[in-house]
Amino acid sequence: AFAVGADEASTTLRVPVVCDGVAPSLVLEPVARTTTEATITIRCQVDESAVVAVLDQSRSLSPNATEAFEVPLRPWRNRLEVRATDAAGNVGRAVVEVFREAPLTLAPKDSWPALDEAGAGPRKLILKPGTHVVSALIKGEVSIRAAAPGVVLESIPDKDVFELRGGVLRLEGLSIRARGLRERPVPEWQETVDSPTGLRIYEGEATVTSCTFESEGGDGISLAGERSRVTVDKCRFQDVHWTGVYVEQDATAQIRESRFERTNVGVWAHHRGSAELTGCMTSDHRQHGVFAQERGRLTLNDVTVKRATGTAFLAFGNAHLEAVKLRAEDSGCGLNVSKRSIGKIRDLTVKATKNNAVVVAGARVTLTGARIEQAGLTGVFLHTLASLKAKDLTVSGAKAFGIGLKKRSNLIANNVTVEGKQPEQQSVWTQLLIA
C-alpha cells in the first residue's frame, strides 16, 4: 500500500504483486549419445511460457508445447546447453552431451585436440602433409592417418610422440620421429632413464600400418604389461638409437612385412615379452638383429638378418625361440641360444659370419634343415652342457672346425655333413672338459 494525493489529502491504493523466483521446468526427449550425423534434433517442453535457446537458435514456447531444434555437431565431443527463460528472467537449464564420430582434419600448424579423454568415443584425425610437432597422451579410441604422403610427426624434445595409457590406437601412413638427447644424466638410484620413443604403450592396443619410425635417443615402439599389445604391418624402423620394437613384461607384439635398419637391436623380447615376426628384414645393427632375453619369447617365420655386429638371432637366459625359415648373413654370429634357453628351428641358413656361425651354450636346441657356409670360426659350436638335436645339417667352408663340442655338450646327429677344403674343416672337433 502507498499514499497518493496533494497537500494534506491522501488515498491508499493496494496493488497485487506476484514474486516469481522459480525457473521454468525444461524437459528434453532422449537423444543418442553417439552419432555419425552432422546434426542432431533436440525436442523439448516447458511448463510455462518461456523463450528456449540452443546455441544461436531461440524460440518462444507455450506451456507443454513441444519444439524441435536442429543443431549442428562438430567432430567428437559436443556439450550443448538448452536454456529456457521466463518473463521474470528465471532461467532453466539442461545439458545434452553427444559424441559425433567424424574425422577431424589438421594442418601442420593447427593446435592438436585433447586425446586423453577415456570413454569419449572413437576420435579420428586426418593429417595434411607437413611436419606436425606433437607429444600426445592417448586414452580411449583414437585413429590417426595421413591424408597423403609426407606427413611427419615430431616429438617435443625429450618427449615421446605418443603415449598410450588405455584404449585403442590406430596409426597409418605416418613418419614418426622422436627427438631427444642420446646421452642424459642418470640419477644414482636408477639404472636407466626412459628415452624419447615414437610410441610407448603402458596399457592398450595399437595397430600401426605403413609408418616409418626414427628416434634420436630411444626406441621406435616400446610396450610393457600384460594388457599391452601392438600389431605392426608394413612399417620401417630406421636410425633408431636403441631398439626398433622393444617388448617386455608380458606384452605382445605381432610384426609383419616390416624392415629394421641402422638400429642398436631390431626387435627385443625381454622379461616375458613376446614377439611374432613374419616376412621381416633387418640389417646394419650395432648389436643384434632379433633378441629374446629373460623368459622372452620369439616366434619367427621367414625372417632375414644382415650385417648385425653382434648376433643375428639371439636367445639368452630362459628365452624361447621357435622359428621357420631364418636367414643370417654377414654378421658376427648367426644363431646363439644360451643359458637355459630353448630353440626349435626349421630351415636355417647362415652365411659369412665373423665368428662361430651357430652357438648353443647351456641350452637345448632342435635344428632341422640347416646350411652353414663360410663361418669365420666354427660352423656349429656346443658349449657347457649344451644339447643339439640336428637333422639334415650341412656345414661348409668353416675356417676353424665344422662342429665343435666342449664341456660335456651333446650332439644327436641325423644326416649331418661337414664340407671343407682343409682336413680340419672336414672334422668334428670334440673336446670334453670338466667345468
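Tutor: The second largest pocket holds about 170 Å³ of space; a pocket here is an open set of points on a 1 Å grid over the protein atoms alone, where a 1.4 Å probe fits, with protein on both sides within 12 Å along at least five of seven lines. The volume is the space filled by probe spheres set on the points, which are joined across faces, edges and corners. This is a predicted model, in which local features need pLDDT of at least 70 and side-chain atom pairs count only at pLDDT 80 or more, while totals for chains, interfaces and linings use all residues. Residues are numbered from 1 along each chain as its sequence is written, and side-chain values use heavy atoms, without hydrogens and water.

Lining residues, those with an atom within 4 Å of a point, number 13 for this pocket, and Asp158, Lys159, Asp160, Glu163 and Arg200 are the closest to its centre. By class, the lining comprises six charged residues (Asp, Glu, Lys and Arg), five nonpolar ones (Ala, Val, Leu, Ile, Met, Phe, Trp, Tyr, Cys and Pro) and two polar ones (the others, Gly among them). At least two lining residues come from each of strand S14 (136–146), strand S16 (162–172) and strand S18 (199–209); strands are DSSP runs of E with at least two residues, numbered from the N terminus.

Strand S15 (residues 151–154) has buried residues on both faces, Val151 and Leu153 on one side and Val152 and Glu154 on the other, buried meaning under 20% relative accessible area with a 1.4 Å probe, protein chains only.

Definitions and conventions
Helices (H or I, at least four residues) and strands (E, at least two) are DSSP runs, numbered from the N terminus. Buried means under 20% relative accessible area, exposed over 50%, partly exposed in between (1.4 Å probe, protein chains only).
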